[in-house]
Amino acid sequence: MFYREAGQFKATYEADSAKFPIFQDKLFIWFYLVIGFVAIPLLGNEFFLGAIMIPFLVFTLAAIGLNILTGFTGQISLGSGAFMGVGAYACYKMTLAYPEVNILIFIFASGIFSAIVGVFFGLPSLRIKGFYLVVSTLAAQFFLEWAFQRIPWLYNYNNTGAIDGVSRWLFGIQITGGGADRTAQYIVCLAIVVVMTWFASNIISGRIGRSWMMIRDMDIAAELMGVRPLYAKLSAFAVSSFYCGVAGSMMVFLWLGAAEPESFDYNHSFEILFMVILGGLGSLLGCFLGAAVIWILPILIREWLPPLIDKITPWVITSSTADLVSDIIIGIMIVVFLIMEPHGLARLWAIIKQKLRVWPFPY
Amino acid sequence: MELLKQIFIEPFETMYALPDLLLQTLWEGFVSGTLYSLIALGFVLIFKASGVFNFAQGIMVVFAALCLVGIHALGVPAYLALILTLGVMALLAMSVVQFVMKPLVNQPDIILFMSTIGITFILIAGGQIIFGGEPKAMITEELGLPTGSSVLEVSGGIVIFQHIDIAAAIIAAILIAGLALFFNKTKIGRALRAVADDHQAALSVGISLEQIWVVVWFAAGVVALTAGILWAAKSDVSFALQVIALKALPVLVLGGFTSIPGAIIGGLIIGFGEKLFDLYWGVPLLGGGTESWFAFIIALLFLLYRPEGLFGEKLIERI
């Protein structure tokens, strides 16, 4: 950025361990929050909020969940889609059972169910790691997907086999179900994401987060230094699935309004993994950047590519082909990023910031 | 009590009462087991030689089969199309090594694994753009594969053996024997095992890592093509096959990541297991459809007990 931290001295321990030690950074955060909470709801239309911002926030939260597991603890997981599903179904069942309780409480409570399931499927991680864990999380993915389809109690014996968001109100404004207010949904989503990001950043810089990173960097050494792998790994699975579960119930109740078992299939897990890789393993900022790129890029390509091809070449392509093109671009981006910048967009952003900081006299 | 009876007694009663059904199920399990083994074999080949866990193996199966059908649809004779498809797989192997493996040499395994997920996406979308997403019929007859079936009478019932299944088992056996010969008797095969053992030592005695990788990825492509043809001959060439190919992962876990016999035996265990479980326990107790997860759950339980697999090398870690 075009500002320097010169003259800002840290005189206390609090100042030293502050989230944003530089005054201008703090200013920017408040600036972004004002944009998020005030400017976007005022200026955004139904499409912008419903198709871009809300899904972006939902996926950001899921990406934070996966990043806690993969980026900070080093345990790769392909089951995040299913854990989102657990959250969604748990929230659905609870709000049907107790309709008078505030839906926000259930959105958070659904994360707890997801965490329990996550810990269960995380148990093998105590003995195995790396690729073997991929298999055990895929087991979670396929088993849970099957359970969503075949256990009628979960979708309340609906004929459609899908769950639909029931109508719930918050402060007199309808936030879930058909005809809900998009702006209100967006603000609720943003509030949840901001709070949970702040929470995540505190966990990560705390004792638990540091033990996760020790496990990631070298588990045997961490064990020798007194980190208990059992607690560290399982707590990472629990927190990660908690975040995914909350993201899942947000997805059904605040974004889609309804969901079928296929909404939580393994493609979803891949999408979230891509957000984490592209955004940057082990970075919270990266989750936002990755979710933005992976979610918004295909929308842009779908909007712009077919007319563009129509105009400059004799061929005509459909929007489904444009989707495939964006898949290819994302695949290529993944490979290129892994080669050029394994730490993803977050690292790129840090490099740009550093370059700007010393500009125009880099030496 | 009723539940216990349903779990422990009734399935066996059914097995005894209807031996033809049991035999038919076992045969189906055997056939799908061979195909799982074939897909898993592709994984093992690449993992042994380069330490890369190739997530794209499943889509390579689909891609190879699609290529074959697509080239044949242009009016090319079936055998020429087969050769051309081999050419495409060789090209794929070379470009993967050139553009992905070489720049990523010496990176952590997990990064290489993620890059193969990227390749998976490129191949899925690319395959759909080039060949279209709709399922296609495999050119079974044109390739000279049998299509009929024989019926065997067993104690009052009948068991149907599809000829293509028998052919599949034979072809798989030939392929595996051929690969074993290739690995053990040829110069390239020995170089390959040297690379698998120790990259740096292999480099220092003058083995070209790049060349070996191309050979391995091509071999995996050939295995993928074979698996694709045999599998698609039973159903269709479609992208749904890719999900089935993911079942090769639990097979690997059962057999061990570095063991070719392990891949074969693991494949057979999973094949038999999931068919029997679905018919005798899954349908009456759980409402069916258990084939999608049975293999994974077995692998999960197995991992808790023996993480290195049946035939895998025990991992010794040092700081």
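User: What are H4(B) and H10(B) to each other, roughly parallel or roughly perpendicular?

Analyst: H4(B) and H10(B) are roughly perpendicular to each other (angles of 65 to 115 degrees; under 35 counts as roughly parallel, over 145 as roughly antiparallel, and the rest as oblique). This is a predicted model, in which local features need pLDDT of at least 70, side-chain atom pairs count only at pLDDT 80 or more, and totals for chains, interfaces and linings use all residues. Residues are numbered from 1 along each chain as its sequence is written, while chains are lettered from A and ligands numbered from 1 in the order in which they are written.

User: At what angle do the axes of H4 and H10 of chain B cross?

Analyst: The axis of H4 (residues 57-73) and that of H10 (residues 209-234), both in chain B, cross at roughly 70° and come within 7 Å of each other, the axes being lines fitted to C-alpha atoms over the stretch in contact, with angles from 0 to 180 degrees between N-to-C directions.

User: And which residues make that contact?

Analyst: On the side of H4(B) they are Gln57(B), Met60(B), Val61(B), Val62(B), Ala64(B), Ala65(B) and Leu68(B), and H10(B) answers with Ala220(B), Gly221(B), Ala224(B), Leu225(B), Ala227(B), Gly228(B), Ile229(B) and Ala232(B); contact requires C-beta atoms, placed from the backbone, within 7 Å.

User: What does Ile39(B) touch?

Analyst: Leaving aside residues up to four places away in sequence, Ile39(B) touches Gln57(B), Gly58(B), Val61(B), Ala227(B), Ala245(B) and Ala248(B). Of these, Gln57(B), Val61(B) and Ala227(B) also take part in the contact of H4(B) with H10(B).

User: Is Ile39(B) buried or exposed?

Analyst: Ile39(B) is buried, because 29 other C-beta atoms lie within 10 Å (20 or more make a residue buried, 12 or fewer exposed, and anything in between partly exposed).

User: Which residues of H8 in chain B are buried?

Analyst: In H8 (residues 187-197) of chain B, Ala191(B), Leu192(B) and Val195(B) are buried.

User: Now the two chains: how many residues does each put into the contact?

Analyst: Chain A gives 31 residues and chain B gives 38. Four helices of chain A, H6 (131-150), H9 (219-224), H11 (266-279) and H13 (319-340), each supply at least two residues of the side that touches chain B, and H13(A) brings the largest share, eleven residues.

User: Where is Ile272(A), and what does it touch?

Analyst: Ile272(A) is in H11 of chain A and is buried, with 30 other C-beta atoms within 10 Å. Residues up to four places away in sequence aside, Ile272(A) touches Phe59(A), Ala62(A), Ala63(A), Leu66(A), Ser80(A) and Gly81(A).
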